[in-house]
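User: Could you walk me through this structure, step by step?

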2 protein chains.
Amino acid sequence: MLLLNKFQNIVLIGAGNVATHIGKALINAGNKILQVYSRTNESANILATKLNAENTTNLSQLINHADLYVLSVSDDVLPDILKELKIENKLIVHTSGFLSMDILKQSSANYGVFYPLQTFSKSRKVDMKTVPLCIEANSPENLEKLKSLAGQISADVREVNSEQRKKLHLAAVFACNFPNFMYTIADRLLGDSNIDFNILKPLIKETAEKVQDLKPAEAQTGPAVRGDENIMLAHLEMLKDYPAYKKLYQIISEEIKPATSK
Amino acid sequence: MLLLNKFQNIVLIGAGNVATHIGKALINAGNKILQVYSRTNESANILATKLNAENTTNLSQLINHADLYVLSVSDDVLPDILKELKIENKLIVHTSGFLSMDILKQSSANYGVFYPLQTFSKSRKVDMKTVPLCIEANSPENLEKLKSLAGQISADVREVNSEQRKKLHLAAVFACNFPNFMYTIADRLLGDSNIDFNILKPLIKETAEKVQDLKPAEAQTGPAVRGDENIMLAHLEMLKDYPAYKKLYQIISEEIKPATSK
């Protein structure tokens, strides 16, 4: 029987959506969060209370005997935090899709990445078992440790290097952030006509379900892929008071159109 | 007890995805499809066999004693078909999100619309019970008939007039067709780096699930809504070989950005 390494003692640096979801998942898997750091007292306190941990707003007061430091702050803040971090040679990981692993080299001889490929909002539960966890480490030993930890909370653990992860992160913007903004546009268009957004919910759900089975290019429907110019012209006319949405409609439709109707 | 009108005898004009899904749902609800028309012998035959109906490729040979004629062809073909259609005063409906109800006036004194707000592909089953059916009719009697029929196959029947339906149809392009194309872009970007699209599937699913509960504007995540200029610049650089995707990235991000970071 293989004994998994349990990281009994973890320090969480950050208290945002990703930190919250990862922190909860780590605890549910039997680990202990010793301390939560956040810039503001309020958010440090809220998350620490949830995770039954100490809290601090002072990086110089980080507990120094933890087994793992999970750095989960926004990408533009992370470099500043690293400058102040003194954790000697303990294992430290960040959870960013964008930043390279090597940015952590300055803080410890043992480092890695623990990137959950999912969209997290504070008010929503996410089943971490289904979230792809992309891991990377600076040594085979640290990779094994992170694999073991990731395996405790997700059924989908993947080794992904920094270059691939950066590409994944860009693809995720197109697969998640931009579709969500398309929903926002739909919501605004309906709102201006006093139609409730809820009528679109089954459609949105099925659109995402379809590409679980079909390739997205095969799942494409709508006027552009049919090359129906009349409808596209009428839609552009309907968008005349929304110049940015009209431009998006034009560019996306042009890209969707089959080569035969261009 | 209210007795529902069962339309025992239905003629289906069209054999595409929408016709196929509606035809099956009508049969499952206890109705009978007498005949399927399609321009090509092959598609008329395939669908007619599935629905246990006769088939024809000749509009002048349409059965003239049906209770309902369902016209489910693409919007650019529909006007030509109407010119040839002689069905006297039987009830006729189209299934288009875009075309007005009145286009049917030329073919019968009894007409309406039966628009399922969903994306249909041949290879996928859809649970019609959850599909919003938007109905409209030229008289209260016909509206009652269509309500009753729609109620047999969906739990979400809504009265929607032609103007609202047109707006819904435009919103559906943003809620379905464009998100699907965003998935296609993600697939292409990953494909060029030999990363399998399947890693994005949980993310795509959760993105659609989130807006079942949250307003899309509240569900927005990613670099643009955080105003993270460094990441956006890096992403644009990564897209330098994809000019159209780069342009989309710029416009959509600019629209997502909170007013404070513009």
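Analyst: Happy to! Let's begin with a helix: H4 (residues 140–153) of chain A lies across strands E5 (91–94), E6 (111–116), E7 (133–137) and E8 of chain A. This is a predicted model, where local features need pLDDT of at least 70, side-chain atom pairs count only at pLDDT 80 or more, and totals for chains, interfaces and linings use all residues. Residues are numbered from 1 along each chain as its sequence is written, with chains lettered from A and ligands numbered from 1 in the order in which they are written.

User: At about what angle does H4(A) run to E7(A)?

Analyst: Helices (H or I, at least four residues) and strands (E, at least two) are DSSP runs, numbered from the N terminus. Axes are lines fitted to C-alpha atoms, for helices over the stretch in contact (C-beta atoms, placed from the backbone, within 7 Å). Angles run from 0 to 180 degrees between N-to-C directions, and for H4(A) against E7(A) the value is about 160 degrees.

User: Which strands are the edge strands of the sheet in chain A?

Analyst: Two strands pair if DSSP finds at least two bridges between them. Eight strands of chain A form an open, mixed sheet in the order E3-E2-E1-E4-E5-E6-E7-E8. Pairing on one side only marks the edge strands, E3 (54–56) and E8 (157–159) of chain A.

User: Which residue of E4(A) stands opposite Leu12(A)?

Analyst: Strand E1 (residues 9–13) of chain A pairs in the parallel sense with E4 (residues 68–71) of chain A, over four bridges. Opposite Leu12(A) stands Val70(A).

User: Which element gives the largest share of chain A's side touching chain B?

Analyst: The contact takes 76 residues from chain A and 76 residues from chain B. On the side of chain A, the largest share, 23 residues, comes from H5(A).

Terms used:
Contact = placed C-beta atoms within 7 Å.
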